[in-house]
Amino acid sequence: MAHLDYEASKKAVYKGLLILGAITLIEVALSLIFPNIFGRSLIVVLSLIKAYYIMWEFMHLGQESKVLKVGIVLPFILLAWGLIAFLNEGNAWRTRRAQIIDPVKAEMYDHKDDKTSHETHSGHDDHHTEEHH
Amino acid sequence: MTNDSTVLEQIDAYDKNPWSGGKPPMKASYGKLMMWYFLLSDAFTFSGLLIAYGALRFSSNTWPSPDFVFSTAPFGITGMPLIFVTIMSFLLIISSVTMVRGVQEGHRENQKGVVFWLLMTVLGGIGFLGCQAWEWNNLINNEHMTIYENPFGRHLEAGTYLEDGHGVHAGDTFEAGDSYLIHNHHQTKYKTASGEEKVLSYGPKAFGGLFFFITGFHGFHVFTGVVFLLIIAINAASGIYVKRKNGYEMVEKVGLYWHFVDLVWVFVFLVFYLL
């Protein structure tokens, strides 16, 4: 706010309030109306815009030196990598767990009578015999 | 052969280098820079927690639906999904705006303006804490959500209820993906599409622990933020900062912390309530 005069600075702040308020309302509406991946992605993008606005304008990061800007923004980009990696990890846990034991299917099938489930679980049986060595 | 002008040029070039010493290399004062570094490290802490939430949620077959879990508000309001948490978000956004106004008044060395806007920010923070306390009380004492037991779940398969439950009657049908609540430990009996009789099972255990820890950790930051704001407001009112003539930089540093608290809430709100 160093280069704006007092009245203009005040106006800029209240404009910020309107922008953040509007984006929040849009996010909540999108969350309730569109439960699909596109709605969710749009909400994430809107939140990133909010974050950019708070950091650049309210925290005045936009007026700091380039070194400081990069020093703050670059680690967050690395965090995005970490987030994607761990979401994949969580997914992998679920699919691996489903391969080993699937509680819903295990309850629904009777193992003695159902040939297909017996074949699916044959991997499980092999694992079991190895343990008994 | 060196002569005076070459030596002076070399000294000038050295002084122009921001890392030559004697001045802040990133143009921000020491205190401000250290606050930024602290906020960066705290952001990593929160990111670790939120990424853990993401990993655990993706590893579960089902997850409670936020607009089903968070649909109550004070004064007996029910069935209004996400309304209360939106109000909480607005409280923090408004408190951030009052904080920026406080910093602006500080730049003009306006002592009374600084104290006024800081106290407005404190009000916003206390309002948010009150709302969060209400939410916790509602979930813990009314819905009996704990870190061991999560009464909110989602059906994996379609079926029909065999008795009355929370918000459902005997004979109501449901689809896979519909939410349910085990109210007062009453695990309602239902019949699946294939004819099996079952009772409602508790939802993923991690939900309670993650929710209470992350919102609690954030609420703790709001609380310490309120304490810091009060300390700086009292300092400003006492006139300590008038002598420093640095545009009330301490107010700006506390402002950075407060905006960080708001920023973390943007992402906690996103992850827990919107996604």
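**Close-up views of chains A and B**

**View 1. A salt bridge links B:Lys32 and A:Glu64.** In this predicted model, the side chains of these two residues meet at 3.6 Å, N to O. The rule finds 1 salt bridge across the interface of chain A and chain B. Polar contacts are here too: 10 residue pairs across this interface are joined in that way, both partners at pLDDT 80 or more.

View 2. H3(A) gives the most, with 16 residues. Sorted by class, the side of chain A that touches chain B holds 30 nonpolar, 11 polar and 8 charged residues.

**View 3. Chain A and chain B bury about 4600 Å² between them.** Carbon and sulfur atoms account for 77% of that area. Look for A:Tyr6, A:Phe58 and A:Met59: together they supply 13% of the area that chain A buries against chain B, more than any other three residues. In terms of contacts, 49 residues of chain A meet 53 residues of chain B.

**View 4. Chain B carries an open sheet of 4 strands.** The strand order is S3-S2-S5-S6, and the pairing is antiparallel. Strand S3 (173-174) and strand S6 (197-199) of chain B stand at the edges with a single partner strand each, so one side of each has no neighbour in the sheet.

**View 5. Strand S5 (residues 189-192) of chain B pairs with S6(B).** These antiparallel strands are joined by 3 bridges.

Methods. Residues are numbered from 1 along each chain as its sequence is written. Chains are lettered from A and ligands numbered from 1 in the order in which they are written. This is a predicted model: local features need pLDDT of at least 70, side-chain atom pairs count only at pLDDT 80 or more; totals for chains, interfaces and linings use all residues. Side-chain values use heavy atoms; hydrogens and water are left out. Contact means heavy atoms within 4.5 Å. Buried area is the accessible area (1.4 Å probe) that two parts lose on being put together, summed over both. A salt bridge is a side-chain nitrogen of Lys or Arg within 4 Å of a carboxyl oxygen of Asp or Glu. A polar contact is a pair of N or O atoms within 3.5 Å; within protein, one must be able to donate a hydrogen and the other to accept it, and residues adjacent in sequence count only if both atoms are side-chain atoms. Helices (H or I, at least four residues) and strands (E, at least two) are DSSP runs, numbered from the N terminus. Ala, Val, Leu, Ile, Met, Phe, Trp, Tyr, Cys and Pro count as nonpolar, Asp, Glu, Lys and Arg as charged, and the others, Gly among them, as polar. Two strands pair if DSSP finds at least two bridges between them.
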